Amino acid sequence: MSIAQFVSEYGYAALAIGCLLEGETVVLLAGLAVLRGLLAGPSVWLIALFFSFCGDQAWYQVGRHYGERLILRFPKLAQRRAWLQAKVFAHPDALVLGLRFMVGLRTVGPILMGAGFVPPRRFLWLNLLGAALWVSCFVSAGYFFGELAERLLPRIKAVEEAVFV
């Protein structure tokens with residue numbers, strides 16, 4: 001089975017799983033797969049939106065139910081909780097939207113937000129908006145950087161399979 005066949009057959013499942021976790025690399029590669037015609041753009045966008053939204057909602061719920069215990073397990077974080085809460089409450093909308101774009105904080109951020117830093121309904125709508133922006137940016141980046149690389153490096157197809165691996 002070639003890499004192209006593998007991506008065509010399992011690409012959507014890999015995208016869904018990747019978006020439940022951090023996901024940036026998977027979404028960038030999905031954008032490249034759209035460029036190559038291996039995956040359909042609207043399907044990639046909807047799958048990435050749904051699963052990245054659901055993933056962050058799940059982490060938020062972990063924070064709502066176990067956040068206090070998790071914070072207490074990290075003494076430095078527990079000591080800075082009041083300061084952190086004040087900072088979050090100063091700009092909650094920007095922070096919820098921005099956390100998604102901060103590599104490494106996409107899991108921790110929703111947990112902290114769920115630990116009492118952002119009300120559930122507010123998080124839900126901001127998370128949905130953030131997911132739509134994030135998916136649009138990263139799928140587009142994968143598509144356009146792939147197109148740019150193809151124009152600048154005519155032999156990019158020769159190394160394309162290595163990139164997907």
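Is Asp56 buried or exposed? Select Asp56 and see: at 4% relative accessibility, this residue counts as buried. Keep in mind as you click around that the model is predicted.

**Stop 1: the Asp56 pair**

Asp56 sits in helix α3 and Arg100 in the loop between α6 (92–99) and α7 (108–117), so the pair ties together parts that are 44 residues apart in sequence. Arg100 counts as buried too, at 2% relative accessibility.

**Stop 2**

Now pick Asn127, which is in helix α8. Asn127 is in contact with both Asp56 and Arg100, and also with Phe53, Gln57 and Val96, leaving aside neighbours within four places in sequence. Show side chains and look at Gln57: its side chain makes a polar contact of 2.9 Å with the side chain of Asn127. Asn127 is buried, with a relative accessible area of 3%.

**Stop 3: the other salt bridge**

A search of the whole structure turns up two salt bridges.

**Stop 4: the cores**

Go to Leu15, Val27, Leu39 and Val44: these have the most contacts inside the largest nonpolar core, which has 18 residues. Elements giving two or more residues to this core are α1 (3–20), α2 (24–36), α3 (41–72) and α8. Which element gives the most to this core? That would be α8, with five residues.

Zoom in on Val27. Beyond its neighbours within four places in sequence, Val27 is in contact with Leu15, Cys19, Ala48, Trp134, Val135, Phe138 and Val139. Then switch to the second, separate core of 12 residues, which includes Val96, Leu99, Ala115 and Phe123.

**Stop 5: out along α8**

Follow helix α8 (residues 120–152) to Glu150. Glu150 is partly exposed, with a relative accessible area of 29%. Draw a distance from Glu150 to Asp93: they are 38 Å apart, C-alpha to C-alpha, and 57 residues apart in sequence.

Finish with a surface view of Phe145, Leu148, Leu152 and Leu153, which form a nonpolar patch with about 440 Å² of accessible area together. Leu153 lies in the loop between α8 and α9 (156–164) and is partly exposed, at 47% relative accessible area.

Key:
Residues numbered from 1 in each chain as written. Predicted model: local features only at pLDDT ≥ 70, side-chain atom pairs only at ≥ 80, totals over all residues. Heavy atoms only, no water. Helix = DSSP H or I, 4+ residues; strand = E, 2+ residues; numbered from the N terminus. Buried < 20%, exposed > 50% of the residue type's maximum accessible area, 1.4 Å probe, protein only. Polar contact = N/O pair within 3.5 Å; in protein donor to acceptor, adjacent residues only side chain to side chain. Contact = heavy atoms within 4.5 Å. Core = buried A, V, L, I, M, F, W, Y, C linked by side-chain atoms within 4.5 Å. Patch = residues over 30% accessible without salt bridge, like charges linked within 9 Å, V, L, I, M, F, W, Y side chains within 5 Å. Areas by Shrake-Rupley, 256 points an atom, 1.4 Å probe, with all protein chains shown as cover. Salt bridge = Lys/Arg side-chain N within 4 Å of Asp/Glu carboxyl O.
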